[in-house]
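I opened a new notebook page for this chain. My plan is to look things up one at a time and write down what I find.

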Amino acid sequence: MASDQQARAQASAITPGRPSPSTEPAPTDRVLALFGGHRLSPGQRRIAQYITDHLTEAAFLSITDLAERAGVSQPSVTRFASSVGFSGYPALREALQPIALSAAAPLAPGTDGESRRNELQAAVDAEIENLEQLRRGLADTGRVLELGRELARSTPLTVLGLRISASLAEYFSYAARRIHPDVRTVTRGGSVAYDALFQSREAGGSWVLAFAMPRHAKENLAAIRAARSTGLKVALITDLALGPLADEADVTLSAATGSRLVFDSYAAPGVLSAALLQAMADAAPQRTQSRLEGYEQAAELHDFFLED
């Protein structure tokens, strides 16, 4: 059986064209047929609606991801699968995946009919929804501003990101160094991470900012626990507000990743990172201004020598 990522690669294949007439029921109708005739609770109707609205994504989500995105518990997803006639969530997902693949199948070019979104547009639409969700979550700016103040005070400030999360950690660290005097980046796990975290605490640091995007490897949890064992507080940016990673963190900020294409995309976590950087800058305006001016002068001097 194909892996989740292989299935996603097939479902998100970029194909040109317009819809052609067909007697086969539309994918949405096929999904609704699976759920029809069953009495569903309000929470179960929410799951059914999410799957219907996000079919090509939902059909390849883990039970944890589906529960998070539908706003219900994992047991609720299991009960939903049983309520619509399946032995469990894996069986439901197995039934949904062929329908999702057919929804993203190549369309015959040059045929009549109403144009539909192509796969790239659908991925962008999903990211827009992730950003809308983040926007709603930032209606109260208090948590981000308070965390920005705490991170600005921590000297040194350690930024942790392993595997796919390393790119987000590197971005945050690169920008943070322009407004903070001592930013240290950890992108390797195991004893390397522990040594760096211990040294940061010994040097007077009080916080580590950790990025953890799926897939959530055990080494992410180990690194966060190592940070706490050294006495550092942990601020976590992740796609899930619940789970073992969030349980270990002192503060958790969540932003959904885009999963419509073969590889995840990180528009919402990127914006959340920029918002946290802004909060750090606001927490120490004089230091921020001084450091930014210094960087600007250094850049001008660098350009001057390049011109010569």
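Before the first entry I noted a cut-off: a residue counts as buried when its relative accessible area is under 20%. I also noted that the model is predicted.

**Entry: Ser76**

I looked up Ser76 first. Its relative accessible area is 19%, so Ser76 counts as buried. I found Ser76 in helix H6, which covers residues 74-83. Its side chain reaches the side chain of Ser73 in a polar contact of 2.9 Å.

**Entry: the whole chain**

I then stepped back to the chain. I recorded 15 helices and five strands. The chain has 308 residues, and 41% of them count as buried. I also checked contacts between residues at least 6 apart in sequence: 73% of these join residues at least 24 apart.

**Entry: the sheet**

In what order do the five strands lie? I read the order as S2-S1-S3-S4-S5, in an open sheet with parallel pairing. Strand S2 (183-186) and S5 stand at the edges with a single partner strand each, so one side of each has no neighbour in the sheet. On average, neighbouring strands are turned by 20° against each other, direction ignored.

Strand S1 (residues 157-161) and strand S3 (residues 207-212) run parallel and are joined by four bridges. Val159 has Leu209 of S3 as its bridge partner.

**Entry: helices on the sheet**

Next I asked which strands helix H10 touches. Helix H10 (residues 166-176) packs on the sheet and touches S1, S2 and S3. Its direction makes about 155° with that of S1. I then turned to helix H12 (residues 218-229), which lies across S1, S3 and strand S4 (233-238). H12 runs at about 155° to S4.

**Entry: H3 against H5**

I moved on to a pair of helices. The axes of helix H3 (residues 42-53) and helix H5 (residues 63-70) come within 9 Å. They cross at roughly 105°, and H3 and H5 are therefore roughly perpendicular to each other. On the H3 side I listed Arg46, Ile47, Tyr50 and Ile51. On the H5 side I listed Leu66, Arg69 and Ala70. By type, the residues of this contact divide into five nonpolar, no polar and two charged.

**Entry: more on H5**

Which residues of H5 are buried? I noted Asp65, Leu66, Ala67 and Ala70. The buried residues of H5 pack against H3, helix H4 (55-58), H6 and helix H7 (89-103). Just after H5, I marked Gly71, which takes a positive phi of about 75°.

**Entry: Ser259**

My last stop was Ser259. I found Ser259 in the loop between strand S5 (251-254) and helix H14 (267-283). Is Ser259 buried or exposed? With a relative accessible area of 9%, Ser259 is buried.

I looked for polar partners of its side chain. The side chain of Ser259 makes a polar contact of 3.1 Å with the side chain of Glu57. A polar contact of 3.1 Å also joins the side chains of Ser259 and Arg69.

Ser259 and Ala123 are 136 residues apart along the chain, and 7.7 Å separates their C-alpha atoms.

Technical notes. Residues are numbered from 1 along each chain as its sequence is written. This is a predicted model: local features need pLDDT of at least 70, side-chain atom pairs count only at pLDDT 80 or more; totals for chains, interfaces and linings use all residues. Side-chain values use heavy atoms; hydrogens and water are left out. Helices (H or I, at least four residues) and strands (E, at least two) are DSSP runs, numbered from the N terminus. Buried means under 20% relative accessible area, exposed over 50%, partly exposed in between (1.4 Å probe, protein chains only). A polar contact is a pair of N or O atoms within 3.5 Å; within protein, one must be able to donate a hydrogen and the other to accept it, and residues adjacent in sequence count only if both atoms are side-chain atoms. Axes are lines fitted to C-alpha atoms, for helices over the stretch in contact, and angles run from 0 to 180 degrees between N-to-C directions. Angles under 35 degrees count as roughly parallel, over 145 as roughly antiparallel, 65 to 115 as roughly perpendicular and the rest as oblique. Contact means heavy atoms within 4.5 Å. Ala, Val, Leu, Ile, Met, Phe, Trp, Tyr, Cys and Pro count as nonpolar, Asp, Glu, Lys and Arg as charged, and the others, Gly among them, as polar. Two strands pair if DSSP finds at least two bridges between them.
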